[in-house]
Structure formats: structure tokens, C-alpha cells
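Morning, everyone. Please look at the two chains on the screen while I talk. I'll start where they meet.

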Amino acid sequence: MTDRVEGSAESLEAIAALQDPVRRRLYDYVAAQDHEVGRAEAADGAGIQRTLAAFHLDRLADAGLLDVVFRRPAGRGGPGAGRPAKLYRRSAADHAVSLPPRDYRAVAEVLAEVVEVLGGEEAAEAVARRRGRVIGGRTAGGGDEDAGEGVVTVLAGLGYEPYRDGAVIRLRNCPFHSLAEDFPPLVCGLNLALIEGILEGREEPGLTARLDPRRGGCCVALRQASKNKTH
Amino acid sequence: MTDHHLALLNVGRIREPLDTPAMAGFTEALEPINALADASPGFVWRLTDGDAGDATSIRPYGDDLLVNLSVWESRETLWNFTYRTEHLELLRRRREWFVRVDEPIIVLWWVPAGHRPTVGEALRRLERLRRDGAGPEAFTFREFYDPEGRSPRGVPAA
């Protein structure tokens, strides 16, 4: 029981640190970037003064929400190059507080292992796809909007943190991250089916979802389905 | 840690002979995925039958059991190839080509850097995993042991 109490206390402190609106803006800015962020950039991103940003960034790091790294800018080194820059990035740690205490992850791990033992991956994907259709159906878009925007909004609401990478929509966050680390083909397959279901539920023939894993982030990417018109 | 490398054996019971149309998705992926492995950071070596360039003709236990044996520099590099490349999609589709088996079909173990495990050695590690469960001599990604025999998830091995 001691572990769970200690874990919760750290997470409670982390989440409490976000109550300050300035800290919240700073955290959101840093978390949304694809690169490590220095204090000047963070200050501009949050619309505040640099010394104030530095203070709050360090409070966020103390609370375990941001990690600090020191890097020399590329091409600089040797004596006279100056101190390495202090940069911030979102911490990889999960923070969760649930009251009363709930532990869905523990039962998810049991159920995932059961699916493996039973060889039920296909059934799991079918269930996920059905759920995705229900979710997608609830959020049907207006006729005129760009197909991508509506989907981006839905996926953002589910925690995927979608962003555009040229013509591709990628997902910065995997909402099932630690479960996916323990059961990658099952959870990634299930996740793909869920997102395919969402697209089907929204009747978005213009977009397809595929597994396209990268080092970080969610392994699913969405692309425009190939069009038949000639250019 | 560079004095030890991580070996992996993966066995699979194919649903049909490799030259049947149902297996085309698998056989056509062999060359590109093997090339991807060879080019991946941390890749050290994989078992091949010299002629074919892959290990599919090596059948230690009857016609329908394939073996895949490779050595990597670290858990992280092996993980990144296995689950963060096009290989993930093939894993997701494995039931199209491989029969489900009740016992573990993947085993990991540490070898001295430069050592090339034999199929016999690898199969003995798998036997150990199946018989005794995961331990420092034979383990899995999920129940992993470092070269000193420590497991990050639980207590160190006695």
C-alpha cells in the first residue's frame, strides 16, 4: 500500500502545480513542441516575461512535469563556447490521481494477457473498431469542413495530440502508452482498429489510418486516401 | 554493458507450406524486413542458411516450425526494430501465417559480445523458459533481466 500512497502524493503535487494559469500555459506550450524548449522560446510561447518563465519552468521541473536537459547548440564547443543552454521537455512520467483509488491499468494488463492467451486479437480489434464507429458517429462533421479538421478535433479530445506533418496527420501521444509497451502488437492493433472505426463512424472516405510507428508517439498515422483525379 | 549482447530466438508454426499463396504476405516480406533488420541500429547478426539469405530452410523440429535467431546490442535497439518499424505490422498480422501456440515462442538471453549462438543453444534457452518461467538465463521483453541478472520489475534473481 505504501507505494500507491507515495505515487499518488507525487502526482498530486504535479497536478497541483498546474493550477496556476501561467504555469499551465507554459506546460502546455512545452508539451506541444517536438523539440526541447529554452526559456526564451517558452516565455514567448506563453506570452510572459523571461524571468517569470524561468521561475515557473523550474517549478514545473521540480514537480516532475518537465525534464531539464543541458545542450550546446549545434556547431559550438570548446573553450569560449559558453555554457550549454538549459532546455525543457515534457517528462515521460505518467501522473494520475484518482479518488477513490482506481487502478484500471492493473486490470487492463490482466485482460490484455488473457486476450493473448486465448489468441483473441481479432476479436479485440473488432470490438475496438465497433467502439470507434460509435465514437465517430457521435461526432459527425458538417459537410463543408476539411475532412482533416474534424478528425483532428476528435482525436485531440481523446488525448492523441494530433499534428500535421506535411500531408500526414501524426499523433504525438499514445493514450495507452504503458499498456502498449507490455503488449505492443495487441494494443497497437487495437488502437489502429479504434481509429479506423472513428473514421468509419464519421464517414470520412478521404482519410485512411495505418500503422506507421516512429521512435516516439502513437504508431498510427492518417493520410489522405489516394484520389483518382489527374493533375 | 558493451561486453554483452542480446540474443533472440523466435519460433513459429506455419499454417501452410511457404510456397502456398496463403503465405505470400509473409514470404514477400522476408527480404525487405531482413534488410531492414540488417540496417537497423544495434543489429549485430542473424542466422541464415547461406544460400537463401534467411533462415526459413532451417527446420530443426519438423517441416512446419520456422526459427528466427538474431543478436542485438541492447534491449532498446531490438525493441525499436521489433515494434517501431514496419515489422510491427507483420506482428499484428502473424495469425494469418502462424498457428497460435500455448507456450512461449520468444526467448531472450545475454551472450558475450561476438558470440554467435547455435540453433541448439537457442532451443535449449526456449526449453528453459517454457519449463521454469523467465529468469536471468532465459527471459522475455515483459519479464526482462539485465546481464547482471537483475530484473527491473521485481527483486533481483537469487
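Chain A and chain B bury about 1,600 Å² between them, and carbon and sulfur atoms give 49% of that. Buried area here is the accessible area, taken with a 1.4 Å probe, that two parts lose on being put together, summed over both. Three residues stand out: A:P185, A:P213 and A:R215 supply 30% of the area that chain A buries against chain B, more than any other three residues.

A word on the source. This is a predicted model: local features need pLDDT of at least 70, side-chain atom pairs count only at pLDDT 80 or more, and totals for chains, interfaces and linings use all residues. Residues are numbered from 1 along each chain as its sequence is written, chains are lettered from A and ligands numbered from 1 in the order in which they are written, and side-chain values use heavy atoms, leaving out hydrogens and water.

Back to the interface. How many residues does each chain bring to the contact? Chain A brings 22 and chain B brings 16. Contact means heavy atoms within 4.5 Å.

Four salt bridges cross between chain A and chain B. A salt bridge is a side-chain nitrogen of Lys or Arg within 4 Å of a carboxyl oxygen of Asp or Glu. Look at B:R95 and A:E121: their side chains form a salt bridge, 3.1 Å from N to O. Which helices of chain A each supply at least two residues of the side that touches chain B? They are α5 (104-118), α6 (121-138), α8 (177-182) and α9 (184-201). The largest share, five residues, comes from α9(A). Helices (H or I, at least four residues) and strands (E, at least two) are DSSP runs, numbered from the N terminus.

Now chain A by itself. Its secondary structure comes to nine helices and seven strands. Of its 231 residues, 36% are buried. Buried means under 20% relative accessible area, exposed means over 50%, and partly exposed is in between, with a 1.4 Å probe and protein chains only.

On to salt bridges inside the chains. Over all chains, the structure holds 30. In one of them, the side chains of A:R133 and A:E200 meet at 2.6 Å, N to O. A:R133 lies in helix α6 of chain A and A:E200 in helix α9, so the pair ties together parts that are 67 residues apart in sequence.

Next, A:R214 and A:D165. Their closest N and O atoms are 3.7 Å apart, and they form a salt bridge. A:R214 sits in the loop between β6 (207-211) and β7 (220-224) of chain A, while A:D165 is in strand β4 (residues 162-165), 49 residues apart.

B:E137 and B:R125 form a salt bridge, 3.4 Å from N to O. B:R125 is in helix α4 of chain B, and B:E137 is in the segment after α4 (119-132), 12 residues apart. One network, joined by salt bridges that share partners, takes in A:D165, A:R170, A:D212, A:R214 and A:R223.

Last stop: helix α2 (residues 75-83) of chain B. Why is α2 of chain B largely enclosed by the rest of the structure? Because seven of its nine residues are buried. Among them are B:W79, B:F81 and B:Y83.
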